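Here is a short briefing for a first look at a structure.

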Amino acid sequence: MTTTPERTRTPQGSAPVSLGLPRRLIEFDLDGDQVRVPEGATLLDACRDAGKDIPTLCYGDTLTPKNACRVCVVEVEGARTLAPACSRKAEPGMKVRTDTDRARHSRKLVLELLASSTDLSTTPHVAGWIREYGAEPDRFGPDAATVAGREAKVDNDLYVRDYAKCIMCYKCVDACGDQWQNTFAIAVAGRGFDNTIAVEHDGPLPDSACVYCGNCIEVCPTGALSFKSEYDMRAEGTWDEDAQTETTTVCAYCGVGCNLTLHVQDNEIVKVSSPHDNPITRGNLCIKGRFGYQHVQTRE
Amino acid sequence: MDLKYTDAKPTDDERAAVDALLGPAPSGWEGGTRDDLDLRWAKGGHEARDRRDQLLPALHAVNDRIGWISEGALDYICRRLTIPPAEAYGVATFYAMFSLKPRPAKVLHVCTDIACAAKGSAALCAGLEDRLGPAGTPKDGVVWQESPCLGLCERAPAALAIQAGDEVATAVIAPATAEAAVAAATAPETAPPEATELEAVPQAQAGDPTLSLLSRIGTVDPTDLDDYRAAGGYTALRNAFAIGPAAVIREVTDSGLMGRGGAAFPTGRKWQATAGQPDAPHYLVCNADESEPGTFKDRVLMEGDPFSVIEAMTIAGYAIGAHQGYLYLRGEYPRALVRLGNAIDQARARGLLGDNVLGQGYAFDIEIRRGAGAYICGEETAIFNSIEGQRGEPRSKPPFPVEKGLFGKPTVVNNVETLANVLPILTRGAEAYRTGATKLFCVSGALGKPGVYEVPFNESTTLRDLIDLAGGATGSLRAVLLGGAAGGFVRADELDIPLTIEGARAAGATLGSGVVLAVDDTVELPRILLRIAEFFRDESCGQCVPCRVGTVRQEEALHRIADKTGADAAADIALMREVGQVMRDASICGLGQTAWNAVETAIDRLGAYE
């Protein structure tokens, strides 16, 4: 059996940390090639290692896969249904096909269903996938039900909830809840096509438990959640990502040492994010790091 | 968890309703009066949060007492159970039987599903509109609303009146006239009693001696444990104790019993896999969330023979090493709730449930959990989330329930009819059972004697036999919906299909939950298909894209072609095929995977829209 050692860390001056069992390597057939991934790796991990481009929307690199969007489905031989690559773990001997007609059909239809029912105008990569898969969202007709007409919720100075762009990926709920922030300000409400992300009684954000950490914005895959600054600039037509620089620095507010990435356009900070691979933040910040940057640009 | 609650206050009635379930609030931390001690330390943590599974019962408590759930009531529930208000709101809005907006205490649910539509639910609704105004609009203290299948198909068209109050009053009106439905909704306490469960079983009325699963319906008092025992009740449990859990599982495995809820998974294998799990405790869940349109067999069993369900659950619990069983009952079954509650109380009082079942040193108890109007909660993992106080959304598999089920522990989920089969297996033995196995079918629609029928579960029974047994078609039979909305149609010239799992499969059909719904040529097929599509759209939990949006697109296409045929309908049929394929291939659970079945078979087998 091939093994690979677990990454370990020994804090200085303390007892050695148990190494645990070495992780086994799982060998399976991916599109006709034998590949090896560490035990516990998902099919998506294996695909990315092998340089295969599988579209994802609800998958988040800092979150437990929810596999709600189904755009990453692949075909596992012997299975009745397709499997979401983002969450299905690799098993020894399984035969996985990522590019079959069936898998491509499902991805194409998922893109069509989403694009016909949601405003994807600010969703990164999606226009390319729609072209690649030959998706035609318009074929459901002009009367196809859509949430794209929902009005944006602008109820505070920091960020905007534009649920016309929401694909119900659950990532904001997970980030707000037990996976990161433990604030539980938002949840999925309603059922079926009428479901939505809401605070209690679908009220305004300032009346809710929200602490404005903005970690929901960090994980939102469609731009449904955005900085008020970005929302306003888009409305004015001045938002220009190509003209922006990104500078990663350390937050000066406290001693934790969170990384901030300042998105700057025309010498103004327009947005703040945090690197997802930063071991302290994993992309998360608090209200000060995320939104407390105005003093930097007070020039008087 | 530092929770922020709202400022809304419950009324005295709302508070009393919740306290009746949970007891008085012990401190200011849990919604009670704040005293000096409360200011000195915080109470919370796991102990406070571990009662999340009381959320659904608490929502029921308020809805039962008041008729709807106000902001103050929801906030009080959150404080009592340490639940974030946003999450409780998300759960409450998931269920169709709850309202978060004011509404009258008297609500009339009117079934408009396939079986009732075939028996005049449209005229019933029109009559209600004349008397009570449009659906959803209160008038004279009553509001009526359309409902998915109420599981009363043998007495279609059906309606269910519920009146909130200190004691909830319910009335079943079936078959319903608008006049009777309005009278019952206005005063459910004084409504005429509903038909006995015997009337749902024509074979029992005729005194058929070959019945096994239905043998006690109408002959044994469903409210009397002594009567049940005198009729052989609790022999199976004694036999189980005599041979031990491993042998019970062996018997069930050897019997060849397969799940009767629709998926037909071998029951013995499920029990074995759970019993062998080192993780503890193990749980048993009886899936009585019978909501598949056209299905009512479990209701008849629970109403007519409730002790058998309790006995069978005890045997299953014993076999898999569980000490707690949950019976998840759909919210629209008031009589089953009363009968089962009574059966559990009597069994407990007589030592047939509790710390020491039958003096054998085995502890087992059963709790009834009521659903609140969500078909999806009958899915085997959604049922866990619903019991746990989460939104009833299906989980991803793997892990499977036998490994991680209810509360993350190894769990067996069995349908009511599946469990009912365990009794004859243990009284007659696996071999004898195997040769004489029977299956229940829910026969409704355009037939002489609709009802639940028990027939031999082998090649000897064909669909035609069953239809003949049920009095034959009343009109010119056009098709039969086999297996429910998630099943499919077969043509009137295909009635020689043997009613076995293999026989149905070979014919490209499925037995599903045992639905046999006869459709004659008086009903417009496109209308039925639209109702099925509406059902799936309404009942989709909304978690995955193929089902959430796909069920909407399917319904839209069916609307477009409702009056079209041939080339005019071809483009939309092609579109539906594509949408159907992604629903079948890529949906998370069986709801989305089967949402296109009935429509597809109507197009391909019946030639709808040709």
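A salt bridge here is a side-chain nitrogen of Lys or Arg within 4 Å of a carboxyl oxygen of Asp or Glu. By that rule the structure holds 58 salt bridges over all chains. The model is predicted.

**Salt bridges within a chain**

- A:Asp29 and A:Arg97 form a salt bridge, with N and O 3.0 Å apart. The pair joins distant parts of chain A: A:Asp29 is in strand S2 (residues 23-30), and A:Arg97 is in strand S6 (residues 95-97), 68 residues apart.
- A:Asp29 counts as buried because its relative accessibility of 10% is under 20%. A:Arg97 is partly exposed, at 27%.
- In chain B, the side chains of B:Arg348 and B:Asp345 meet in a salt bridge at 3.8 Å, N to O. Both residues sit in helix H17 (residues 334-349) of chain B, 3 residues apart, or about one turn of the helix.
- B:Arg348 is partly exposed at 37% relative accessibility. B:Asp345 is partly exposed at 46%.
- B:Glu380 pairs with B:Lys397 in a salt bridge, and their closest N and O atoms are 3.0 Å apart. This pair links distant parts of the chain, 17 residues apart. B:Glu380 lies in the loop between strand S7 (365-370) and helix H18 (382-387) of chain B, while B:Lys397 lies in the loop between H18 and strand S8 (411-415).
- B:Glu380 has 23% relative accessibility and counts as partly exposed. B:Lys397 is partly exposed too, at 28%.
- A network of salt bridges links B:Glu154, B:Arg155, B:Glu194, B:Glu197, B:Arg299, B:Glu303, B:Arg335 and B:Arg339.

**Where chain A meets chain B**

- The contact involves 47 residues of chain A and 50 residues of chain B.
- The size of an interface is often given as the accessible area lost when the parts come together. Chains A and B bury about 3,900 Å² between them, 56% of it on carbon and sulfur atoms.
- On the chain A side, A:Phe184, A:Arg191 and A:His201 lose the most area to chain B, together 21% of what that side buries.
- There are 4 salt bridges between chain A and chain B. B:Glu578 forms a salt bridge with A:Lys108, with the closest N and O atoms 3.9 Å apart.
- Helix H2 (101-117) and strand S8 (187-189) of chain A are the elements that give two or more residues to the side touching chain B. H2(A) supplies the largest share of that side, 10 residues.
- The chain A side divides into 24 nonpolar, 11 polar and 12 charged residues.

**Domains of chain B**

- The domain assignment gives chain B domain 1 (12-92), domain 2 (106-195), domain 3 (225-433), domain 4 (438-520) and domain 5 (525-604).
- The C-alpha centres of domain 1 and domain 3 of chain B lie 30 Å apart. Their contact takes 10 residues from domain 1 and 13 residues from domain 3.
- These two domains bury about 880 Å² between them, 47% of it on carbon and sulfur atoms. B:Asp53, B:Leu56 and B:His60 supply 54% of the area that domain 1 buries against domain 3, more than any other three residues.
- Domain 1 and domain 3 of chain B share 2 salt bridges. B:Asp53 forms a salt bridge with B:Arg369, the closest N and O atoms being 2.6 Å apart.
- H4(B) gives the most to the side of domain 1 that touches domain 3, with 5 residues.

Terms used
Residues numbered from 1 in each chain as written. Chains lettered and ligands numbered in written order. Predicted model: local features only at pLDDT ≥ 70, side-chain atom pairs only at ≥ 80, totals over all residues. Heavy atoms only, no water. Helix = DSSP H or I, 4+ residues; strand = E, 2+ residues; numbered from the N terminus. Buried < 20%, exposed > 50% of the residue type's maximum accessible area, 1.4 Å probe, protein only. Contact = heavy atoms within 4.5 Å. Buried area = accessible area lost by both parts, 1.4 Å probe. Nonpolar A, V, L, I, M, F, W, Y, C, P; charged D, E, K, R; others polar. Domains from an automatic or database assignment.
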